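Please examine the model shown below. The paragraphs that follow lead through part of its architecture and then to the contact between its chains.

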Amino acid sequence: MTSANPIVRLDRVNVRFTTNLQADEGFPGPKRKTAVEALRDVNLDIQPNEILSIVGESGCGKTTLCRTVVGLTRPTSGSVFVNNVRVNFGKSDELRRLWRTCQMIFQDPYSTFNPLSSIFDVIAIPLRKFGLARTDAEIRNQMEFVFNQVGLDYADLLGKYPTQLSGGQRQRLAIARAVAIKPSVIIADEPVSMLDMSLRAGILDLLIELNKKQGVTVLFITHDIAVARYISHRIAVMYKGSIVELSSAKDLPNSPQHPYTQLLLSAAPRLKEKSNWSKELGSILRNVNPDTVGCKFYPRCPLGMEVCVSDVPTLERVSAGHFVACFARSKEA
Amino acid sequence: MVEHAVEIEGLCVSFPTEKGELRAVDHVTLSVNKGELLGIVGESGCGKSTLAFSLLKAVPPPGRVTDGKILVDSVDLRSLKGESLRQYRWRKVAMVFQSAMNALDPVKTIESQMLETILQHQQLTKDDAKERIIRLLSMVKIDKQRRKAFPHELSGGMRQRIVIAMALCLEPKILIADEPTTALDVVVQAGILRIIKELQKELGITIILISHDASIMWEVADRLAVMYAAKIVEVGKTEDVVKNPRHPYTEALLKAVPVLGMDEQVIKGIPGSPPNLITPPHGCRFNPRCQYAFEKCRADEPDLSPKNGYAACWLRE
């Protein structure tokens, strides 16, 4: 997994959220603090000019991973490097330098804009902040360029406010804002999950085009493995805070190694062919005990062994460019 | 002769707005066979949910049914009022609402909510009702211990299954599921769809499944109706509609989403955006986005009929 010069590198990143869940008087139960391990020892290299997707169910830590890369969430331990510079949380001038290279598109296009900022300001503020345009004329020029790129009608939108836009237009505006300052890395957190089916393809193709024509590196988050397969070069599968499988997007759907990846693939809807849906419903819906010490997938796993209860598997290479964190697989190899 | 559980004829539902009348369901004619699972697919704002609400005679005001009729088991919904409507709702037709995650009462346990529903409507002893609750929970694969839980103690997928069980409390003949899996991830989605399919087979009930996602229909729906801009544009057996779509919108919709199992698939968005229903496009409503549109499409509106094989498109006439 090591390579010459990754543009983004996560080195044993852990994020632990603790909640002060103190039982109030009158409520039963002892006072307790609960902790959620959002990321566990995550190692990941993202190469320049690649599109890497992270796939996993809700709550598996996908969004937290994004937030550590752009410096919005501080890792409990471990470090994140962007362009070989360590992301320093809480230092505003360093963060600004980071955001110059690394921009994020947030999941919900309905809450990503300040409703009091006009669409002009949405684009103008980052351009001014990074000193990429000084006069209004310069800003308008660049705005027209990015709006063309993302397929928004510049003349129509100029005087409007985000609330006047449809969901698809908002998502495009969110992309325009991220692209406007020409970052080298775009982090897209489920950018199509809130959009209508007929509009999704346009957004996916836009990201592919940015990657192909301008060499933008994309970290793409999705829960839909079919979308990941379509857009990306490599796919990382996450489960309960850990990356359990990493492979090229081409191979993953054909030769999934980790039992969780296999479950995800068997659950994904397919057209024109019957999937192997006859899997035990129980294993699909089984509730998972969050306090497992070893492999977090063990309670749902059909391959579970003794070692899985006590030890946590790490990512091991099974073939060129294909890594799996599963004792059952590494034993075979 | 197939028996129809639901027959909808020329149904129109309108909402008055400041900018004019918005017709959310426009001359929809559709029948649902007894015991089948009918899928209704369409994008947000196409009128799917309004159509579902009109089957419960519960179109939210100021919206109202302006034309057409609905027959459920040969009973005209227009004739139902007061007590007869109360007997009809939930006993005959029940619904799993779209925002099912929030459809439960946060301060009541699952059991007390279900108990309330059953005892309000049916003459049952508490013990019989509790027995039924346990049976319903096992149908949706929820451990009976969980009936004592409050909604916040359950995961999203479990809450969704509870809402399905609640809809089945009064043993309805027809179940409408409006986007039952939208906020859930794929694994949970697959589980819930399987439960819905099992219910159809085991209880022999008629199910209407509504979704914006055509790809989930393939596994579960017997027949598929595609809705665009307040109209049904194509109806047919799921296999026929998916493998050989006859309406350009259906064709485009199926091409717009990446799906596994189709290698090197090229996906293509549909240009433009769904039309405004206050001033829908002249002629066929899909014509501004349709790659095959010709003159007739801009002038006249095609209807769904046996003549075009239930695909409302001039190309099929």
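In this predicted model, helix H6 of chain B covers residues 186-203. The buried residues of H6(B) include B:Val186, B:Val187, B:Val188, B:Ile192, B:Leu193, B:Ile196 and B:Leu199. B:Gln189 and B:Arg194 are also among the buried residues of this helix. After H6(B) comes B:Gly204, with a positive phi near 65 degrees.

H6(B) lies across E3, E7 and strand E8 (206-211) of chain B, and runs at about 160 degrees to E8(B). The sheet concerned is open and has six strands, in the order E6-E7-E8-E3-E9-E10 (chain B), with mixed pairing. Strand E6 (93-96) and strand E10 (231-237) of chain B form its edges, each pairing on one side only. On average, neighbouring strands are turned by 15 degrees against each other, direction ignored. Helix H5 (residues 156-167) of chain B also packs on the sheet, where it touches E6 and strand E7 (174-178) of chain B; the direction of H5 makes about 170 degrees with that of E6(B).

Within the sheet, strand E3 (residues 37-41) and strand E9 (residues 223-228) of chain B run parallel and are joined by four bridges. B:Leu38 has B:Arg223 in E9(B) as its bridge partner.

The contact between the chains takes 33 residues from chain A and 33 residues from chain B. On the side of chain A that touches chain B, H7(A) gives the most, with six residues. The residues of that side divide into 19 nonpolar, six polar and eight charged.

Technical notes
Residues numbered from 1 in each chain as written. Chains lettered and ligands numbered in written order. Predicted model: local features only at pLDDT ≥ 70, side-chain atom pairs only at ≥ 80, totals over all residues. Contact = placed C-beta atoms within 7 Å. Helix = DSSP H or I, 4+ residues; strand = E, 2+ residues; numbered from the N terminus. Nonpolar A, V, L, I, M, F, W, Y, C, P; charged D, E, K, R; others polar. Expected span 1.5 Å × (residues − 1). Buried ≥ 20, exposed ≤ 12 C-beta atoms within 10 Å, placed from the backbone. Pairing = 2+ DSSP bridges. Axes fitted to C-alpha atoms, helices over the stretch in contact; angles between N-to-C directions.
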